[in-house]
Structure formats: C-alpha cells, structure tokens
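I'm opening my notebook on a new structure today. Here is what I looked up, entry by entry.

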Amino acid sequence: MGVGLDLSSSKARLALGGAIMGVVAACLAVFGNPKNMAICTACFIRDIAGALKLQTVETVQYFRPEIVGIVLGAFIIALLAKEFKVTAGSAPLVRFLLGFMMMVGALVFLGCPLRMVLRLSAGDLNALVGLIGFALGVFTGTFALKRGFSLGPAHPTAAPNGYVLPASLLVLLVLSVATAGLFAVSEKGPGSLHAPVIASLVGGLVFGAVAQRCRTCFAGSIRDIILMGNFDLISIIGGIFVVMLVYNVITGNFNLSFTGQPVAHARHLWNLLGMYVVGFAAVLAGGCPLRQLIMAGQGSGDAAVTFLGLLIGAAFAHNFKLASGAAAAATADTAAVPGGPGLNGQIAVIACILVLFVIGFGMKPRESATAKAAA
Amino acid sequence: MIEVDARGLSCPEPLMLVDKAWKAHPGETLRVLVSEVFVKTNVEKFAKSKGKKSTAAPTDDGFALTIE
C-alpha cells in the first residue's frame, strides 16, 4: 500500500480496524447521536434527504456530517494511498435501482446492516431476525453470482466524475452549518439527536478512512464466507460488535429483548424480508450501503449513482409511507403502537424482491469478462 | 497461459473468474488483468489461500498478475 497502517493484511488487523470503527460509533453515541443508531448509514442518508426537503417527516431531518465524513475520509485516504481511481459505466441505472431498493428494505427493518450489528450489540433480538433475513438475501445474491450474474465492467472516465460527490457533499455541509433555515432540522425525534458537527465530521472521516483501508463490507463479509470460506471481512464486523457490546453493557444500554428497543419494531416477517432485500441488493451492487459510500469516495461513479439511489429511495420511503414506524409502549394518554410497515411498505418489499430476482437471474455476463487462452 | 480479463468488475467477480479459469484449465499459468489496487490484493490473497504463487506488474490501466 502507499501510505498509512495496513489494516487488511491479517484477520487481527481487520478486527482492530473494526474495533476502531466501533469506538467511533460509541463516541458518537456518547456525544449525542441516537444511542443504537450511532452512525447508521441508511438512517443518516434518510436524515440528509429530510434536511434537503426531499422528504418532510419532521422527526428525521438533519444534515448528518458523518455521511460527508465517511465519503471524504475514503476520498482522502484513497488519494494518499494512490488508490483513487475514477471509473463509471457499469449499468448505472440498475445500480441506482439497487440503491433505491436497499434503502426501502433498510427503512422497513429500520436500519442498514451497520445499525443491525449495533442493535444486536445492544441486545435487540429483532436485529437477529434481520440478520437471518440479511444472510438469506446475501445467499440468494451469491447464488445469482454463481449463475453468472454481472453488471459488467466499469471503465476509466474523466477525473472530475470522481470529485463531484465528495465536493457536492462538502459544499452542502458548509451550507448546512453556515446558513440558518436553509435546510430542515428536526426539533424532536431521532433527527434532533446529534453529536456536535465537528465531532460528527471527524468521526465520519476516521470511520470512512478505516473502512476504506479494511475494505469493510457487511454483505461482502457473509458473501465471502459462502463463496470462498473466507472469514477476513467478518473479522471487521466482529471488532465493531465486540466494542459496541462492551459499550452497551458498561453504559446499561444492553437489553436482551424483542420489545422496548429504541426505533425498532417486532414485526418479524417484515424485519426478515426488509433485510433480505438489503442483502440481496447489496450483493448484486457489489457492496452494502457503507461500502457504496467508500467506493464513491475512492472514485467510483457507479457507487455514487448507487448513493443517489439510496438518497432518493429514502425520500420515496417516507413520502409514500413505505418506511416502518417504530413500536411504542402505551402511555397514560396513548395506546401501545406495534410499529412496522403499513400496507404500502409491505407491497414495496414484495415488489423489491420480485425486481431483484428479475435483475439477479436475468442479467448475463458480458463477453469481456471471461477467460481466454492468451496468444 | 490463460488470460482472465477482470478489469472494472465488482467484487467478488474477479475471484470467481479466476476460480473458474483454474477449474477449466488445471495446471495452467493464469494472467489476470485487474484495474483496482484492492482487487489486485484480493486476487493475491485468493491465490495464496489456494497455495499458488503470484507476481504483479503495473499496466497502463491497472495491474497484470501472473499466477502459477
């Protein structure tokens, strides 16, 4: 590698990278982010969609500096390590759709794969149901890969293409900090809970840089076990889980239960199917939502398009009531709310699964992606 | 020598192509073209896990790995 600590050369180093990411997540929770959300990519992209008024649910609107930090962290470390490479052209609209569906699935479950692990570390058994769905989705996507699925190769393209997303996010972050009232900001709910901007940005930068060096991918970690019996990437997830488990036990946030979990619901079928969509789509897209942010930071125009799919997917999920509601216990004034997706969300999840099967088992590899005898 | 063109492909397709080429042409030396550093690293680790020796050389648009 060009610079910095090599975090990908052994399982121990990968686990160390995961532990650093876990510490960042724990610090952000301590500094004010929602406790078992910490640095959830789906939730935070959804909050950014709210801040930009692409969706108008008043409780989930805030321009999250962590997302900017993750992309910029990957961008900077990739430049320093001479791994920044500007590419595009691998089925961009299909990737947009995959990003869109990943977000819909994540918001039915209420969290991306990263938050799934954070929720598990806090004892949320609904996340275990989500993990089973996620693993089944990854398995289905891997089966599609084995059957020959490919989105085709990306190609080198003009350098500015790689700078657009990091630069745009940086400009938007500056605007969100420097102008009052331009972007929407929640006054209650998860969107109102946040660490100070500088802590969020620095946390995101570190998280993104480490994730880039480790090649962190939640879908890839399960896919590599299924496909090659390779446990490298799962070592990172193990590091994150252990650190957050220790944090949750020490701070008294560990609650082994299906109920009483913050921003979650116990509709098992929809937790399972929501994460099934995420796992399936992530394998077809070549990475989970976090990995897409990292690849976008290191120059992939295709991953940047996937990010746009995630962003617009979040807007649709809330504008058209596809996202789940959180369960809530009864109070003196209100009855208990079971949470979970409404009819729109349930239909959307089923539609996503059908579309994923069409994409996964209908697209054939291109001729260039084959082996041939060299002259 | 068998050439595997994995340039620009998403993970884990390059490794799957290498694996497929090994199975289709056992004992043959492979020349694997990749475009990203992390894909090069992944192919090298994959080759090592299979007991193969690999060497990499830079090309105009990435790297060429020789695996034997």
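Which residue just after α5(A) takes a positive phi? I found Gly123(A) there, with a phi of about 90°.

Ground rules first: I'm working with a predicted model, in which local features need pLDDT of at least 70, side-chain atom pairs count only at pLDDT 80 or more, and totals for chains, interfaces and linings use all residues. Residues are numbered from 1 along each chain as its sequence is written, chains are lettered from A and ligands numbered from 1 in the order in which they are written, and side-chain values use heavy atoms, with hydrogens and water left out.

**Entry: helix α5 of chain A**

I looked at residues 113-121 of chain A, which form helix α5. Helices here are DSSP runs of H or I with at least four residues, strands are runs of E with at least two, and both are numbered from the N terminus. I checked burial next: buried means under 20% relative accessible area, exposed over 50%, and partly exposed in between, using a 1.4 Å probe and protein chains only. 9 of the 9 residues of α5(A) are buried, so this helix is largely enclosed by the rest of the structure. Among them are two arginines I noted down, Arg115(A) and Arg119(A).

**Entry: Val242(A)**

Val242(A) sits in helix α10 of chain A.

β1(B) runs parallel to strand β2 (residues 30-34) of chain B, and 4 bridges join them; two strands pair if DSSP finds at least two bridges between them. Ile2(B) has Leu30(B) as its bridge partner in β2(B). With α1(B), these strands make a right-handed β-α-β unit. Right-handed means that, with the strands pointing away from the viewer, the path from the first strand over the helix to the second runs clockwise.

**Entry: Ala47(B)**

Ala47(B) belongs to helix α2 of chain B. Is Ala47(B) buried or exposed? I put it down as buried, because its relative accessible area is 0%. Leaving out residues up to four places away in sequence, Ala47(B) touches Trp22(B), Lys52(B), Ser54(B) and Ile67(B), where contact means heavy atoms within 4.5 Å.

**Entry: cavities**

How many cavities of 30 Å³ or more does the structure hold? I noted 4. A cavity is a set of points on a 1 Å grid over the protein atoms alone where a 1.4 Å probe fits but cannot get out, and its lining residues have an atom within 4 Å of a point. Grid points are joined across faces, edges and corners, and a volume is the space filled by probe spheres set on the points.

The largest cavity has a volume of about 350 Å³. It is lined by 23 residues, and those nearest its centre include Arg215(A) and Asn42(B). The largest share of that lining, 6 residues, comes from α2(B).

The second largest cavity has a volume of about 280 Å³. I counted 22 lining residues there, with Met295(A) and Phe38(B) among those nearest its centre.

Conventions. 1 Å grid on protein atoms, 1.4 Å probe; cavity = no way out; pocket = protein on both sides within 12 Å on 5 of 7 lines; lining within 4 Å.
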